[in-house]
Each structure stands twice: as structure tokens, then as C-alpha cells.
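Here is a friendly briefing to read alongside the model. Please keep the 3D view open as you go.

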Amino acid sequence: MPDARNALAAARSGPGGSVARALVLILVAACAHAGATDSAKTAAAADAGVAEACAVLAALDFDATVGARVNLRATLVPADGELPARCRATAKVAPEVGFEAWLPVDDWNGKLLVTGCYGLCGSIRADQMEDAAARGYATATTDGGHDQQKFPDGRWAHDNTALEDDFGQRAVHVTAVLAQALAKAYYGNEPAHAYFRGCSTGGRQALVAATRNPDDFDGIIAGAPFDQRRSVPFMIWADAANTGADGRPLLKRPQFELLHKAALEACDGDDGQVDGIIGNPAACSFQPEVLACSGAADASCLGPEQLAAARRIYAGPAGSSGRRPAAFGAAIGSEAGWEQQLIGRDGKPSAFHAIGQDWLRYHAFEPDPPADAGLPAFDFDRDPPRLAASNARIGYTADLGRFAARDGRLIVWHGWADASLQPSHTLAWWQEALQENGGAAALARVARLFLLPGVQHCGGGPGAGDVDYLSALERWVETDEAPEMLVATRAADSVPVSTRQRRFPVTTAVQLRRPLFPYPDVARYLGSGDPLDPLSYERVKPPAASPAH
Ligand SMILES: [Ca+2]
């Protein structure tokens with residue numbers, strides 16, 4: 001592979017040998033021949049060399065390296081605020097994987113971060129790379145293999161297994177391979193370390209990389225992963241549970257607020273602080289029956305149908321025998337987020353209904369049902385195993401053996417108040433991982449799970465959700481310092497990572513600061529001391545609790 005970055009170095013310091021280097025030398029020599037004896041002209045020549053070393057990437061052939069046709073453009077982008085001057089490469093990898101990478105011109109930290117996408121992907125989320133670019137990373141991301149602007153929903157995947165494969169695992173894989181090759185061509189060295197970070201669908205991509213393409217990354221951050229085997233049946237189940245015989249929602253905002261208030265009253269103080277946050281919902285024994293109407297139903301209590309709906313949502317899907325095949329339910333304390341998932345706006349179906357419909361029509365089965373069908377009927381006896389079968393294309397396993405064998409490191413995190421993708425599903429996957437990877441001690445050498453009290457989907461909510469996972473992963477991979485405690489903060493400007501990746505350290509006023517310990521351990525306030533000081537908390541190993549209740 002020609003070395004464009006060395007060409008730049010050669011342009012600055014002397015003769016070189018490669019094709020790309022020769023191109024740049026010709027350019028700089030032309031400048032010098034024109035009489036460039038003063039420093040301004042020398043600088044201009046160097047700037048021209050910088051631009052040329054970037055542009056030359058587009059002339060290189062990456063097809064064999066990636067294993068598919070690569071159509072690449074590269075242009076120099078000047079520094080902008082905290083973002084460094086960078087070589088911006090955009091590409092389409094056949095058939096239609098969208099790709100973007102940023103290679104900092106100066107002060108590269110020698111590492112690569114690839115970032116994931118959200119929902120059904122379909123667009124380049126370059127903003128997800130900005131925090132890492134500001135830290136000197138080379139960064140890359142992908143649209144997941146299709147352009148969402150061409151489709152109003154998930155229809156691109158209808159009977160299209162090639163695009164499902166790209167969305168499932170190949171888009172991130174070719175992004176990793178191409179970004180590595182670009183870094184090698186531009187700087188002359190492959191990155192010393194390659195990392196992946198994603199949440200939601202990006203969390204799924206993270207676990208897919210760890211279990212199916214374990215050679216792509218040295219370290220991986222998986223936030224609130226979408227697990228289609230469990231997430232989709234739960235969404236369909238919860239949507240149906242909250243739909244009355246008249247087709248209208250049984251529980252609405254007043255009932256969600258009642259449930260949330262009662263859950264807090266039951267368990268908020270168990271973590272040593274009455275702060276609107278339940279520290280360990282798995283150990284909370286709240287039962288919605290405390291809200292049962294004693295007389296006529298009114299807004300202060302739940303009638304029998306409403307109680308049954310709440311029970312079903314907390315419990316999760318069950319087959320006709322009552323057996324719960326592949327999923328658990330909503331976390332106690334997540335009720336504040338239920339309205340957004342369970343109540344449609346302006347007469348439209350709920351978010352859960354829409355996602356379930358898209359998934360079952362276009363992704364879950366082969367062949368897919370007719371594209372224009374509504375929400376296909378879902379049989380909670382027969383269909384969960386069928387979803388498990390499609391996992392081979394779109395999902396992940398719990399086998400971290402190959403990732404562990406190449407010394408990979410995985411941080412998994414999930415907000416306890418996530419009403420969209422359930423933390424109980426990540427816990428169910430964690431139980432599988434314990435079984436498949438040799439138990440707790442062996443698993444802890446390759447993966448750690450952190451559950452964030454009061455944190456909603458990918459961040460936000462009353463809990464402390466801003467965590468510098470990337471620094472923790474760097475320490476684990478680069479100096480073998482495993483994360484025994486992470487510090488989570490909430491500031492006035494905290495938002496989910498899907499909205500904006502926080503820059504660390506946090507410089508805005510901190511409202512909450514809490515320690516996080518690897519699952520199953522939890523933090524408990526000591527009863528005195530500054531609540532913003534992580535040392536005011538003790539690490540507690542809770543009694544084993546069943547995620548189902
Ligand atoms: Ca609390």
C-alpha cells in the first residue's frame with residue numbers, strides 16, 4: 001500500500017520512494033522552483049503537501065483489502081473549534097455501505113475509534129466522532145449499508161438479505177478494515193489500537209463485532225444493545241398489553257405517573273438516598289397491586305384491566321403455557337419513559353407498535369411477509385424461536401471466546417430506567433455470557449457490565465448518565481487496568497449520547513456524581529459525606545435477584 005502520509009513527511013524533509021510520495025514531491029518541487037525561498041512560500045508548499053497527501057488517498061486502490069469495490073473521495077478539512085484539521089474520507093463500499101473517516105493532520109494519537117449508529121441507521125452520524133477527533137483519534141463511521149432517505153421505514157430490508165447482512169454485521173466490518181487501511185496509507189502505520197463505540201443499534205453492532213468479527217477491534221463499548229430476540233417480542237407484548245378491547249390505551253400518562261411514584265416510594269431509599277432514583281431495581285419488590293382501586297376507579301388508582309396491563313409490562317412476554325421463552329419485562333422505575341413508547345401521537349401507532357411492525361415485516365423472517373401487511377400476528381409460542389434463528393444474520397451471540405483469545409476488552413452498559421430497550425434483556429444476555437465464557441471470573445477478564453440507576457435510553461433521565469467509557473477502555477486495553485469503578489455524572493446540559501457525545505472531563509456544573517461498580521455490585525450512600533463525592537458510597541454485593549418477578 002503506498003504511504004501518503006510518508007509522502008507528506010518526504011515533502012517536508014527530503015526525497016522519497018512511493019507513488020504517492022512522488023506525487024507530493026512533484027507538487028512541492030513545483031512550488032519551490034517558482035522561487036519559494038521565504039518561509040511563507042515554504043509553508044504554503046507544506047500546506048499544499050498536506051492537502052495532496054489527503055487527496056492522494058482517493059487514487060489508491062482499497063478494493064482487494066476490503067474485499068469489495070470502494071469508491072472513495074478525500075479532502076482536507078480545516079480546523080474548526082476543537083476539531084482538528086483533518087483528512088476527511090468518504091466512501092461507498094459495494095453494494096452501498098456509506099463510510100466516513102477523519103484522519104487528523106497533526107498530533108494523531110495513533111488510535112482509531114469507529115462509532116455506531118441508531119435505529120435502522122441509514123445516515124452518517126459524523127457528530128458521533130467529534131469527541132474522539134478532539135482527543136486526537138482517527139475516527140470512522142458508517143450508515144449501516146443503506147440510505148434511509150430512499151425509504152420511509154425498514155422497507156430496504158424486505159427480502160433483501162444482502163442489505164440485511166450489511167446492517168447486521170458487514171457495514172461495521174468493512175468500515176473497520178477500510179479505516180485501518182486508510183490510516184496505514186496516510187500515516188505509514190496501522191493504528192496501535194482500534195476501538196468501537198455504540199449505543200442502541202450501535203450497542204448491537206458492538207456485541208456483533210465482539211462475537212462475530214472479534215479481530216476488528218481491541219476494545220468495544222456496547223451501550224443499551226438492541227437484542228432482536230428479546231427486544232422485539234417485548235415491544236409487541238407491551239403494546240398489546242396496554243391496548244384495551246376498544247383499541248385504546250389502558251394506561252396513559254396519569255397511570256404511568258402513579259406507577260412511577262409508587263415504585264419510588266417502595267424502593268427509592270434502598271440505596272441510602274431518597275433522590276428519585278432506584279439504585280437496584282432488580283432487588284425492588286414493588287408490586288403494582290398497591291395501586292388497586294378499593295372502590296370505583298378514579299385517577300388515583302388502577303382498575304383491574306389497568307393492573308393487569310401493568311403486570312404484563314413488568315413481567316414481559318409469556319407463551320400460552322405461561323412460560324417466558326426469551327424475554328423479560330420492564331424495569332421497576334422505568335415508568336416515566338413508558339408514555340413515549342406505548343402511546344402513539346396524533347392517532348399514529350405507538351413507537352413499540354411501529355418498531356415491531358417494521359422488524360417483523362422486513363427483518364425477522366425469510367422470506368418476509370407481504371411488504372404492505374400491517375403488524376403481523378405474533379405467536380408467543382412459535383415465533384420467538386424463529387426470531388432466534390434470524391439472529392445468525394442480524395444479531396449476536398454470547399460467545400466471547402475468540403474476542404478473549406485476542407485479548408479484546410468489552411464494556412457493556414445499560415440505563416436502569418431505559419423504557420425503550422430493556423436492561424433485563426442485557427441481563428439475560430449477561431447470564432448467557434457467564435455460562436458460555438467460563439463463569440464470573442473468566443468473563444470479568446474480557447467483559448464488564450455496568451447498570452446505571454435512573455438513566456434512560458442511551459442516557460438522560462434523573463440518574464447520572466455521563467461516563468467517560470472511552471478513557472476507561474483505553475486504560476483497560478493499553479495498561480491492563482480493568483474498570484473496577486466508573487464515575488458517572490449528570491450536569492444541567494446532560495443529554496443521551498445519541499443526541500451528543502459528552503466531552504470529558506465535565507466542565508459544566510455537576511448535579512449528580514455517583515460511582516458505578518461492575519455488575520452485580522451496586523453503590524450505596526454511606527449516610528454522610530458529600531453526595532457528589534464517590535468516596536461517600538460503598539460497594540455492595542446484592543443478594544442474587546431474579547430479573548423476572
Ligand atoms: Ca435512591
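**The sheet and its surroundings**

An open sheet of 9 strands runs in the order S1-S2-S3-S5-S4-S6-S7-S8-S9, with mixed pairing. This is a predicted model: local features need pLDDT of at least 70, side-chain atom pairs count only at pLDDT 80 or more, and totals for chains, interfaces and linings use all residues. Residues are numbered from 1 along each chain as its sequence is written. Helices (H or I, at least four residues) and strands (E, at least two) are DSSP runs, numbered from the N terminus.

**Sheet edges and pairing**

- The edge strands are S1 (70–77) and S9 (447–452), each pairing on one side only; two strands pair if DSSP finds at least two bridges between them.
- From one strand to the next, the twist averages 15° (axes are lines fitted to C-alpha atoms, for helices over the stretch in contact, and angles run from 0 to 180 degrees between N-to-C directions).
- Strand S8 (residues 409–415) pairs with S9 in the parallel sense over 6 bridges.
- Leucine 410 has alanine 447, in S9, as its bridge partner.

**A helix on the sheet**

- Helix H7 (residues 201–212) packs on the sheet and touches S6, strand S7 (219–223) and S8; contact means C-beta atoms, placed from the backbone, within 7 Å.
- The direction of H7 makes about 145° with that of S7.

**Threonine 397**

- Threonine 397 sits in the loop between helix H13 (383–394) and helix H14 (401–405).
- Threonine 397 is partly exposed because 17 other C-beta atoms lie within 10 Å (buried is 20 or more, exposed 12 or fewer, partly exposed in between, with C-beta atoms placed from the backbone).
- Threonine 397 and alanine 433 are 36 residues apart in sequence and 8.4 Å apart in space, C-alpha to C-alpha.

How values were computed:
Contact = placed C-beta atoms within 7 Å.
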